Amino acid sequence: MSGTRTTRTANMNRLHELRRSAVNHFVTGLAVFSTVLVLVPLVAIVGYLLYKGASSLNLAFFIHVPAPVGEPGGGMANAIMGSAVILALASSIGIPIGIAAGVYLAEYGRGRHLGNLVRFTADVLNGVPSIVMGIAAYSLIVAKQHHFSGFAGGVALAIMMVPTITRTTEEMLATVPHAIREAALGLGIPKWRTVLSISLRTASPGIITGCMLAFARVAGETAPLLFTAFGNQFTSFDMTQPIAALPLQIYVYAVSPYDEWHRLAWAGALVLIAMIMGAVTLVRIFSNRGALQGGH
Amino acid sequence: MMQPGLDKLPEITVPVEPQPSAADAAPSAAPSAIRLFLQQRSAGRWADGAFRGLMMLCAFSIFAIVALIVFVLVKNSQLSIHAFGFKFFKGTSWDPVSGDFGALPFIYGTVVSSLLAVAIAVPLSLCVAIFLLDICPRPLRSPIAFLTELLAAIPSVVYGLWAVFILVPIMRDNVGPILEKYLGWTGFFVEPNFGVGMLTAGVILAIMIFPIISSISRDVMKAVPIAQREAALALGATRWEMLRMSVLRNSRLGIVGAIILGLGRALGETMAVTMVIGNHPDILKNLFAPGYTLASVIANEFSEASGDLYLSALIEIGLALFLVTIVVNAIARLLVWAVTRGESAGHA
C-alpha cells in the first residue's frame, strides 16, 4: 500500500522534473530564437544599404550638386558640405558646455541636491523629442530672423549634444582616483589647474568617447533641421541662410516619386551610415586604448 | 543608447566622501582636512572661484535650456490655447482652411503606434537580454551585444528609407494577408492594406526602441547580486527558475523603467514614422489603415503652416508632446535610478 504510494509520488516527482526541465529548455530556445529574429532586420538594413548604396555611389555623388528632376547624375556635394558646417557649429557649442557641466557635476556637485537636480534635468533633456528641439530653435532664432538659417540648425543640434556629453564626462571623471587629485593639490597646484591638467587629462579617452557618441547621434538627426536649416539645392556656406544637410536631403529624396532620386537617397544613407560607423569605431579604439581601467 | 560606460558601470565605484566617524577618524578624515586646508591656502583662490563659477554656469545652462524650451512653447501656443482651450485635445477635425483644429487623431495615432511598438519590442528585448547575460557562449557575447547596439546608431531617416522600400512591401504582400486570414475577425486587420499604416509604423518603431530596452534591462539584470543567483541554483533551481525567482523579480522595477524609456523614445520619434504611417488624421480600429502622429504632423506641416493660428496649434501639439515625454522620461529615470542606486549601495 505504502509502496504504491511511494511509486506514485516518485512518478509525480519525475513528471514534475520533466516539466521543469522542459520549461527551461523552452525558455532557452525562445531566447535564442528571439536573438536570431532581432538580428534579421539589422542584417537586412545593413545589407540593403550596402547593396543599394554601393551600386549608386560614384565620384559625381561627392563633387556635384543635385541635378534638376529628370536629368540623370548629380550628387550631394552641397549636402555633405552643409552637414559638415552645421555639425562643426554644433560641436563647437555643445562640447565645451557639455564637458564643463560634467566637470561641475563630478568635481563640485557630488552628493549635493543641486548636482542631483542638474543630473536629472540632463537625463530628462536627453529624452526630449528632436522635433520639439526644432520648434524651440525655430521660435527662438528663425522667427526672430524671419528666415531659415544654418545657424538655427546648429544650435538645435548643439542642445541635443549637451546632455550626453555631460553625463559621460561626469561618469569618466568619477573613475579618476582621489589620490591623484590630492597629490596635485599637495604640490600646491590650484584646483582649476588640477581639474584641467590632472582630472580631465586622466579621463580624456572616456570623455572623447562621449563626445564622439553625441556627435554620431546628432549627425543623423533630421527632425530638428526640417524648419531650421531647411535645406538648399545649391552649395552655400552662409550660416545665416538656409543650408543643405545630408539627412534632410535623404528624407526629401526618399519621399519623392523619382527613381533617380531614390538611388541618390540610398547612396546618401550609405555615406551617412559610414560616417557614423566611422565615429563609433573610433570610439571603440579610443575607449579600449589608454583608458583608465580599475585604477584604484 | 550606446553609452560607453554601460558595460563597465558596475565596476565604477563612486568615490565616497570620507565619513567623520569616531572609529576610523584618523585614516579617513585626514585627506579631506588636508585637501580643504590646501585649497584654502592655494595661490589660485580667485582663479578657483572664477573657474568654479564658469563650470556652474555651464551646468545651470541645462536648466536654462529646459526653461527656455518650455517658455517659447507656452508663449507661442497662447493663440491656440485661448482659441480652443481643452477642447483642442478632444476635437477630431483638423481643418487649416476653416481654422478648426483638434488634436485627438494625432494623440490616438501616437499612443497606438507607440504601444504597438512596445508590445512587439518588450518580449524580444527581454529574451535577448537574458540570452546575452546567461545563455550566450562567451566568445559570441560581445559581438552580438555590439550588433544589437549598432541598431541604436542608425539614424531615424535611414530606418525610414529602409522601411519605405523594404518593410512596406513585406507588410503589404507577406505579413498583411496572413494577419488578415487568421486575425481578420478581430477587426484590427481589415483589407485594404497598402503597406503604409499604423502596423508598419509600430513595427519600425519596435526595431528602433529595441536596443534601448534591451541594453538597459541587461544592465539592471546584471546588477542583481551574484549571491542571489547562486542561492537559487543551490536550491536546485533550473536556469529559468533562477532567472524568474532571483533575477527578474529583483530587477522588475528597472525593467519597467527601461520599457518606459523605450516608450518615451517611441512617442517622440518623427522621421521613420512620418515616412510609413500614411499621414491621414483618422481614428480607426483597423491597424492596416493610415494614421498620423503628433510628431509627424509637426514635421509635415510646420514649415508651410500659413496663418498664426495654424502655427500656434502646431506649437501646442509640440508642447503636448514635450510635456508627455518629460513625464514619461522622469518616471523611467526614477525607476532605473532606484534600482541602480540600491545596487551601488549594496556594493559599498
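Modeller: A salt bridge is a side-chain nitrogen of Lys or Arg within 4 Å of a carboxyl oxygen of Asp or Glu. By that rule, a search of the whole structure finds 9 salt bridges over all chains. This is a predicted model, in which local features need pLDDT of at least 70 and side-chain atom pairs count only at pLDDT 80 or more, while totals for chains, interfaces and linings use all residues. Residues are numbered from 1 along each chain as its sequence is written, chains are lettered from A and ligands numbered from 1 in the order in which they are written, and side-chain values use heavy atoms, with hydrogens and water left out.

Colleague: Thanks! Which residue forms a salt bridge with Glu241(B)?

Modeller: The partner is Arg20(A), and the closest N and O atoms are 2.6 Å apart. Glu241(B) belongs to helix α9 (residues 239-268) of chain B and Arg20(A) to helix α1 (residues 2-56) of chain A, so this pair joins two chains. Helices (H or I, at least four residues) and strands (E, at least two) are DSSP runs, numbered from the N terminus.

Colleague: Is Glu241(B) buried or exposed?

Modeller: Buried means under 20% relative accessible area, exposed over 50%, and partly exposed in between (1.4 Å probe, protein chains only). Glu241(B) has a relative accessible area of 13%, so Glu241(B) is buried. Arg20(A), at 16% relative accessibility, is buried as well.

Colleague: Which residues are linked with Glu170(A) in a network of salt bridges?

Modeller: The network holds Arg119(A), Asp123(A), Arg167(A) and Glu170(A). Within it, the side chains of Glu170(A) and Arg119(A) meet at 2.9 Å, N to O. Glu170(A) sits in helix α6 of chain A and Arg119(A) in helix α4 (residues 113-126) of chain A, so the pair ties together parts that are 51 residues apart in sequence. Glu170(A) is buried, with a relative accessible area of 4%, and Arg119(A), at 10%, is buried too.

Colleague: And in chain B, where do Asp134(B) and Arg229(B) lie?

Modeller: Their side chains meet in a salt bridge of 3.0 Å, N to O. Asp134(B) is in helix α4 (residues 104-135) of chain B and Arg229(B) in helix α8 (residues 226-234) of chain B, so this pair ties together parts that are 95 residues apart in sequence. Both Asp134(B) and Arg229(B) are buried.

Colleague: How many helices and strands does chain B have?

Modeller: Chain B comes to 12 helices and 2 strands. From the N terminus on, its elements run α-α-α-β-β-α-α-α-α-α-α-α-α-α. Of the 348 residues in chain B, 50% are buried.

Colleague: How do I read helix packing? At what angle do α3 and α6 of chain A pack?

Modeller: Axes are lines fitted to C-alpha atoms, for helices over the stretch in contact, and angles run from 0 to 180 degrees between N-to-C directions. Angles under 35 degrees count as roughly parallel, over 145 as roughly antiparallel, 65 to 115 as roughly perpendicular and the rest as oblique. Here helix α3 (residues 77-108) and helix α6 (residues 150-174) of chain A pack at about 30°, with their axes 6 Å apart. That makes α3(A) roughly parallel to α6(A). In contrast, α4(A) and helix α2 (residues 45-76) of chain B pack at about 50°, their axes 9 Å apart, and are therefore oblique to each other.

Colleague: Is the crossing of α4(A) and α2(B) left-handed or right-handed?

Modeller: A crossing is left-handed if the near helix is turned anticlockwise from the far one by less than a right angle, and right-handed if clockwise. α4(A) passes α2(B) in a left-handed crossing, while α3(A) passes α6(A) in a right-handed one.

Colleague: Now the loops. What is the phi of His146(A) near?

Modeller: Most residues other than glycine have a negative phi. His146(A) has a positive phi, near 70°. His146(A) is in the loop between α5 (130-145) and α6 of chain A and is exposed, with a relative accessible area of 69%. Asn279(B) also has a positive phi, near 55°; Asn279(B) lies in the loop between α10 (271-276) and α11 (294-301) of chain B and is partly exposed at 24%.

Colleague: Where is Gly74(A) found?

Modeller: Look in the loop between α2 (59-63) and α3 of chain A. Gly74(A) is buried, with a relative accessible area of 11%. Gly74(A) and Ala60(A) are 14 residues apart in sequence and 6.3 Å apart in space, C-alpha to C-alpha.
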